Amino acid sequence: MLIANLHRNMYPINNLRILMLGDNIQGENPYQGSKLGDVSMGARDQITKLALPALTTLILSLKQQYETIEIDCFPGNHGRYGKEAPETSNWDIFLYDCMKATLANISGIKLNTHTEFGSIVTIEGFRFFCFHGDEINISNGIPLFALTRRINTWYQQFNSFDYAICGHFHKYLNDETSTKVELFMNGTLVSDDSWALKKIGIGSTPSQWTFGVHKRNGV
């Protein structure tokens, strides 16, 4: 809000877009890397006691500052129910369903749930390809070469886009994958992240991207 209010000295900022890229809820089986004793509460309790109250409180607080809030929600791999279950059996999606029901009667708030792995979100005429990122295998550190190659392939398949936005790697990053596409990789909400330390070799810094989108200049 401090950033938004500073910019409001020059021009109005009425609309907020939130891109939620998954891994909000930790699943309950080894498919997500969980083992008994690794998490302090089950997925249902994570949703009802932690995530849903915290997120709805945040969104309602922000709604006092913006005319409209539109939220695009994508599932992550940590929320998957199990290998044998369909992709839509995901605790992240259940959280989004609960958020949508809780906020249904609040004017000016819209929540879009994307059950596919990735999708185009259009903001001020610019196309953002949003995806979680677990489609890219981790070897040593963040696999930038594999990620760049896949984004360039998706660029063709999805009829071009201006920006790619992903999560999954628990590490913030900003990079030009080509002369046409800029990548924003979102960070994590937690510190002392053993997953990031184990998989990519570095601890995570709690961080989230915040930016404006200009009608002519983009991000």
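Mentor: Let's begin with helix H3: its 12 residues reach 16 Å from the first C-alpha to the last, close to the 16 Å expected at 1.5 Å a residue. Keep in mind that this is a predicted model.

Trainee: What do the buried residues of H3 pack against?

Mentor: They pack against S1, H2, S2 and S3. The buried residues of H3 are Trp91, Asp92, Ile93, Leu95, Tyr96, Cys98 and Met99.

Trainee: What makes S1 and S3 the edge strands of their sheet?

Mentor: The three strands form an open sheet in the order S1-S2-S3, with parallel pairing. Strand S1 (15-20) and strand S3 (109-113) each pair on one side only, and that makes them the edge strands. The twist averages 15° from one strand to the next.

Trainee: How do you know that S2 and S3 pair?

Mentor: Two strands pair if there are at least two bridges between them. Five bridges join strand S2 (residues 68-73) to S3, and the two run parallel. In one of these contacts, Ile69 has Ile109 in S3 as its bridge partner.

Trainee: Which strands do the helices H2 and H3 touch?

Mentor: Helix H2 (residues 43-63) lies across S1, S2 and S3, running at about 150° to S2. Helix H3 (residues 91-102) packs on the sheet too, touching S1, S2 and S3, and its direction makes about 155° with that of S3.

Trainee: Let's turn to the other sheet. What is the order of its five strands?

Mentor: The order is S4-S5-S6-S8-S7, in an open sheet. Its edge strands are S4 and strand S7 (173-176), since each pairs on one side only. Neighbouring strands are turned by 20° against each other on average, direction ignored. Helix H4 packs on this sheet, touching S5, S6, S7 and strand S8 (182-185), and its direction makes about 130° with that of S5.

Trainee: Why is Phe129 called buried?

Mentor: Buried means under 20% relative accessible area, and Phe129 has 0%, so it counts as buried. Its strand is mostly covered: five of the six residues of S5 are buried.

Trainee: How many aromatic pairs are there, and what makes the one between Phe129 and Trp154 tilted?

Mentor: The structure holds 17 aromatic pairs. For Phe129 and Trp154, the ring centres are 5.3 Å apart and the planes make 50°. Rings pair if their centres lie within 6.5 Å, and planes under 30 degrees apart count as stacked, over 60 as edge-to-face and the rest as tilted. The value of 50° falls in that remaining range, so the pair is tilted.

Trainee: What does this pair link?

Mentor: It links distant parts of the chain: Phe129 is in strand S5 (residues 126-131) and Trp154 in helix H4 (residues 144-157), 25 residues apart. Trp154 counts as buried because its relative accessibility is 8%.

Trainee: What kind of pair do Phe129 and Phe158 form?

Mentor: It is a tilted pair, at 4.6 Å centre to centre and 50° between the planes. Phe129 lies in strand S5 and Phe158 in the loop between H4 and strand S6 (163-166), so the pair ties together parts that are 29 residues apart in sequence.

Trainee: Why is Phe158 called partly exposed?

Mentor: Its relative accessible area is 25%. Buried means under 20% and exposed over 50%, so Phe158, in between, is partly exposed.

Trainee: Which residues form the aromatic cluster around these pairs?

Mentor: Phe117, Phe129, Phe131, Trp154, Tyr155, Phe158 and Phe161 form one aromatic cluster.

Trainee: How do you know that Arg8 sits over the ring of Tyr66?

Mentor: The distance has to be within 6 Å of the ring centre, with the charge within 35 degrees of the ring normal. Arg8 lies over the face of Tyr66 at 4.9 Å from the ring centre. Lys171 likewise lies over the face of Tyr172, at 5.1 Å from the ring centre.

Technical notes:
Residues are numbered from 1 along each chain as its sequence is written. This is a predicted model: local features need pLDDT of at least 70, side-chain atom pairs count only at pLDDT 80 or more; totals for chains, interfaces and linings use all residues. Side-chain values use heavy atoms; hydrogens and water are left out. Rings of Phe, Tyr and Trp (its six-membered ring) pair if their centres lie within 6.5 Å; planes under 30 degrees apart count as stacked, over 60 as edge-to-face and the rest as tilted. Helices (H or I, at least four residues) and strands (E, at least two) are DSSP runs, numbered from the N terminus. Buried means under 20% relative accessible area, exposed over 50%, partly exposed in between (1.4 Å probe, protein chains only). Axes are lines fitted to C-alpha atoms, for helices over the stretch in contact, and angles run from 0 to 180 degrees between N-to-C directions. Contact means heavy atoms within 4.5 Å. The expected span of a helix is 1.5 Å times one less than its number of residues.
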